[in-house]
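Dear colleague,

I am handing over the structure we spoke about, so that you can look at it alongside my notes. Please open it first and then read on.

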Amino acid sequence: MRKILPLVFFISSFSASFGQANKISLNLKKDRNLWQALTYDLGNIAGGMGYAYSRPLHWQGNQFKNAGYVAAGTGALYLVDDNIDNWASGWRDDVPRWLIDYGNEYGGPNTNFRLTGAVYLVGLFTKNPKLRRTGVLLISSASASGLLQQVSKRIIGRARPKANVGKATFDPFHIDRVYNYDSFPSGHVMLGFTNAYVVAKHFDNPWIKAGLYTVGSIPGFARIMDRFHWVSDVAFSTALSIFIVEAIDRYLDTKYDEKYNDKRGILKKEKKVAWDIQFTPQSFGVVMTF
């Protein structure tokens with residue numbers, strides 16, 4: 001069975017049924033066992049990433065307007081990147097080192113995926129649907145952010161502040177990572193703020209949200225202080241992480257009954273398609289119900 005189920009998820013775009021009598025259903029839609037829940041969630045992690053990447057193809061007026069605001073804001077900060085870096089140099093040594101180390105560690109990929117994986121596994125093994133869905137959102141958002149920034153920074157090739165060659169120096173289109181020329185966007189910022197933004201979705205209290213956003217902003221502050229990133233890198237990466245989380249969260253609303261963000265004004269979507277495996281004494285089939 002462990003060999004059959006993953007194959008089913010890869011060929012789920014095809015439907016076959018060879019018999020109806022005496023069928024035995026694995027009932028993948030409800031009452032899933034641990035393995036079925038895991039494979040279902042893995043499919044939604046991949047699906048959420050694809051959904052986030054495809055959203056620009058479906059943008060309309062407001063979405064393009066918001067993208068324009070982000071681009072304009074990033075451009076405005078780009079104009080003062082050198083000034084802010086020079087200004088920060090005057091008090092950089094006064095910042096507690098433990099705060100900088102915390103930001104660098106919290107935004108790192110190893111720490112991030114340990115935390116997000118732990119959240120998901122607790123939800124999975126305790127059969128807590130809200131925690132499990134949160135884990136799926138955390139993992140899929142972090143994975144989408146991580147992959148996107150790794151590809152983007154190699155294409156863009158912007159010099160880091162610590163390279164001491166200025167904000168406008170680029171060495172683009174490298175397959176291999178070029179040290180000190182991979183400033184834009186910031187992976188630490190995207191991973192760190194993604195976690196805070198997801199957790200903040202569980203709370204309506206604006207003070208709790210503000211506190212979580214502040215903690216999620218520490219990696220960006222740390223990377224500026226250590227001269228790994230310009231302020232425009234940090235601002236753009238923060239906006240991009242919000243976009244990715246929101247896009248994947250909307251996708252997961254169509255896949256899970258448990259929702260924690262219904263107050264945002266988005267209509268709930270019913271799951272329209274369900275896949276199941278059926279056995280009969282003479283046949284085996286994959287059935288789509290819609």
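This is a predicted model: local features need pLDDT of at least 70, side-chain atom pairs count only at pLDDT 80 or more; totals for chains, interfaces and linings use all residues.

The structure holds 14 salt bridges, and I describe three of them here. In one of these, Asp-226 pairs with Arg-97, with the closest N and O atoms 2.9 Å apart. Asp-226 lies in the loop between helix H9 (206–225) and helix H10 (231–253), whereas Arg-97 belongs to helix H5 (residues 97–106), so the pair ties together parts that are 129 residues apart in sequence. Arg-97 has a relative accessibility of 46% and therefore counts as partly exposed, since that value falls between the 20% and 50% cut-offs.

Asp-249 takes part in two of the salt bridges I would draw to your attention, one with Arg-133 and one with Lys-201. The salt bridge between the side chains of Asp-249 and Lys-201 has an N to O distance of 3.2 Å, and it links Asp-249 in helix H10 to Lys-201 in the loop between helix H8 (187–200) and H9, 48 residues apart. Lys-201, like Asp-249, is buried. These residues belong to a network of salt bridges that links Arg-133, Lys-201, Glu-246, Asp-249, Arg-250 and Asp-253.

Turning to the helix pair, how do H8 and H9 run relative to each other? Their axes come within 8 Å and cross at roughly 175 degrees, and since an angle over 145 degrees counts as roughly antiparallel, H8 and H9 are therefore roughly antiparallel to each other. Among the residues that make the contact are His-188, Phe-193 and Tyr-197 of H8, together with Lys-209, Leu-212 and Arg-223 of H9. Sorted by class, the contact of H8 with H9 has nine nonpolar, five polar and two charged residues.

Is Ser-140 buried or exposed? With a relative accessible area of 0%, Ser-140 is buried, and, leaving aside residues up to four places away in sequence, Ser-140 touches Ile-45, Met-49 and Ile-248.

Technical notes:
Residues are numbered from 1 along each chain as its sequence is written. Side-chain values use heavy atoms; hydrogens and water are left out. A salt bridge is a side-chain nitrogen of Lys or Arg within 4 Å of a carboxyl oxygen of Asp or Glu. Helices (H or I, at least four residues) and strands (E, at least two) are DSSP runs, numbered from the N terminus. Buried means under 20% relative accessible area, exposed over 50%, partly exposed in between (1.4 Å probe, protein chains only). Axes are lines fitted to C-alpha atoms, for helices over the stretch in contact, and angles run from 0 to 180 degrees between N-to-C directions. Angles under 35 degrees count as roughly parallel, over 145 as roughly antiparallel, 65 to 115 as roughly perpendicular and the rest as oblique. Contact means heavy atoms within 4.5 Å. Ala, Val, Leu, Ile, Met, Phe, Trp, Tyr, Cys and Pro count as nonpolar, Asp, Glu, Lys and Arg as charged, and the others, Gly among them, as polar.
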